[in-house]
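This briefing gathers what can be said about salt bridges, an annotated domain, a helix and a strand, grouped by topic. Please read it with the sequence and the model at hand.

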Amino acid sequence: MKDVTWTDYTAQIQDYSLSQGEPEWLLNRRIQALEKIETLALPMIERVKIHRWPLTEVTTMIDDTVSGAVYDFEQVENNPLIVQHSTQTLVEQMPAHLIEKGVILTDIQTAVQEHSDLVEKALMQQAVHYDEDKLTAFHMAFMNSGIFLYIPKNVAIEEPVEALFYQDSHANTNFVKHVLIVAEENSEVSYLERFQTVGEGTEKATANIVVEVIAKQGAKVKFAAIDQLGEHVTTYINRRANVGRDASVDWAIGIMNDGNVVADFDSDLVGEGSHSEVKAVAISAGRQTQGIDTRVTNSGRHSVGHILQHGVIRERGTLTFNGIGHILKGAVGADAQQESRVLMLSDQARGDANPILLIDENEVTAGHAASVGRVDPEEMYYLMSRGLEKTEAERLVIRGFLGSVLTAIPIKAVRDELAEVIERKLS
């Protein structure tokens, strides 16, 4: 930044916080984060250079416009649902029986006012800390929308909880979205979120998205996401879980964006017997660059963390998978496994699959598998000899390659929707 220091944005943040009626603790946290941005480094993503990406550009924090119809309200069912367009909330729905049990689903601005004690303890304090790097500090300072989902102790939500986040292609408003999920002891929830660019605008924009999942003792969280941000959006996504004793957080993530993306998908297994499965599929095309760090840190005894990620690269796209399994000292009986595979469909495609195992304890189980390669010509020859055109044969190979991840996703509706998105991305 030239001739401008980060503290010059103090007044803008103070005005925004006042306009939203935020409590004093949140404003203080924003200012503290703002003051740290200058001294913190960008996150390190192996083999992906993001220092020239416009991830810390500041525009406006409030968008009062909605460009066109973005949601078909006739499709609204009775499950918990929240829909946001840029910084506005369009739909907020919660069945009465869940309200009676104390379940909370609301926008982050309402949450910090009406449930301040719950949010203050969790917001960038347990899963993601705002002073980790330049992008987490930027997020805390300029966060301008998001949601809060709270599941009380011993409450099991049978219906899927859905969140839809629309980014307006006609606006360059800062898209700094925070998702905070707190699952109390022995609670259960299945959550599905979608990030999608809408409209046919070509306005360049950035997205800074942080998702925190706090699963306390015995809680079970199934988390699914389908990301479809547009080609003019440069995106940073940080999804992280803090998993307590005998709790589980299972991730199913489809990274189907069209613009440049850097992502962190992390699970911190802090409790004994904690468990996390990470399943991710990604497609890079055009001149798109995507760098994805997927990490599981075992600190709890007998904790289990598995990573399964498959990616496809078309044209001149670039895709990097970094799988990190870290077993800390004292995590006796821990299990860390990972598999990362990349399929390249072009001579100009670039792909990497980098497995990293860091083991500080003896009595553990760990392993990894990684591969980067092209479509098997014999497989293509076989399919084409049966009368298929090259493009259709290639699509069948890709379906089979990604299918091993898709079939491992436990929620059928998510499997079907992600399969449809993949078909559109490949067409």
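The side chains of aspartate 352 and arginine 47 form a salt bridge with an N to O distance of 2.9 Å, a salt bridge being a side-chain nitrogen of Lys or Arg within 4 Å of a carboxyl oxygen of Asp or Glu. This pair links distant parts of the chain, 305 residues apart, with aspartate 352 in strand E18 (residues 350-359) and arginine 47 in the loop between helix H2 (24-37) and strand E1 (81-85); helices (H or I, at least four residues) and strands (E, at least two) are DSSP runs numbered from the N terminus. The model is predicted, so that local features need pLDDT of at least 70 and side-chain atom pairs count only at pLDDT 80 or more, while totals for chains, interfaces and linings use all residues. Residues are numbered from 1 along each chain as its sequence is written, and side-chain values use heavy atoms, with hydrogens and water left out.

**Salt bridges**

- A search of the whole structure finds 23 salt bridges.
- In the pair described above, aspartate 352 is partly exposed at 25% relative accessibility, whereas arginine 47 is exposed at 58%; buried means under 20% relative accessible area, exposed over 50%, and partly exposed in between, calculated with a 1.4 Å probe on protein chains only.
- Glutamate 132 and arginine 240 meet through their side chains in a salt bridge of 2.7 Å, N to O.
- Because glutamate 132 lies in the loop between helix H5 (116-122) and helix H6 (134-142) and arginine 240 in strand E10 (residues 233-243), this pair ties together parts that are 108 residues apart in sequence.
- Glutamate 132 is partly exposed, with 33% relative accessibility, while arginine 240 is buried, with a relative accessible area of 7%.
- A network of salt bridges links Glu132, Arg240, Asp266, Asp268 and Arg295.
- The side chains of glutamate 185 and lysine 153 also meet in a salt bridge, at 3.9 Å from N to O.
- Glutamate 185 is in the loop between strand E6 (175-183) and strand E7 (188-198) and lysine 153 in the loop between strand E4 (145-151) and strand E5 (161-168), so this pair joins parts 32 residues apart in sequence.

**Annotated domain**

- An unreviewed UniProt entry annotates residues 171-401 as "domain: SUF system FeS cluster assembly SufBD core"; its positions are given in the numbering used here, the feature name is shortened, and such annotations may be inferred rather than shown by experiment.
- The span of residues 171-401 is 9% helix and 60% strand, and its end C-alpha atoms lie 37 Å apart.

**Helix H1**

- Thr10, Ile13, Tyr16 and Ser17 are buried in helix H1 (residues 10-19).
- These residues are on the same side of H1, because they cover an arc of only 130 degrees around the axis, the arc being that of the directions from the helix axis to the C-beta atoms.
- The face of H1 turned away from the buried side carries the exposed residues Asp15 and Leu18.

**Strand E7**

- Eight of the eleven residues of E7 are buried, so the strand is largely enclosed by the rest of the structure.
- E7 pairs with E5 in the parallel sense over eight bridges, where pairing requires that DSSP finds at least two bridges between two strands.
- Glutamine 196 in E7 is the bridge partner of tyrosine 166.
- E7 also runs parallel to strand E9 (residues 220-228), to which nine bridges join it, and tyrosine 191 stands opposite phenylalanine 223 in E9.
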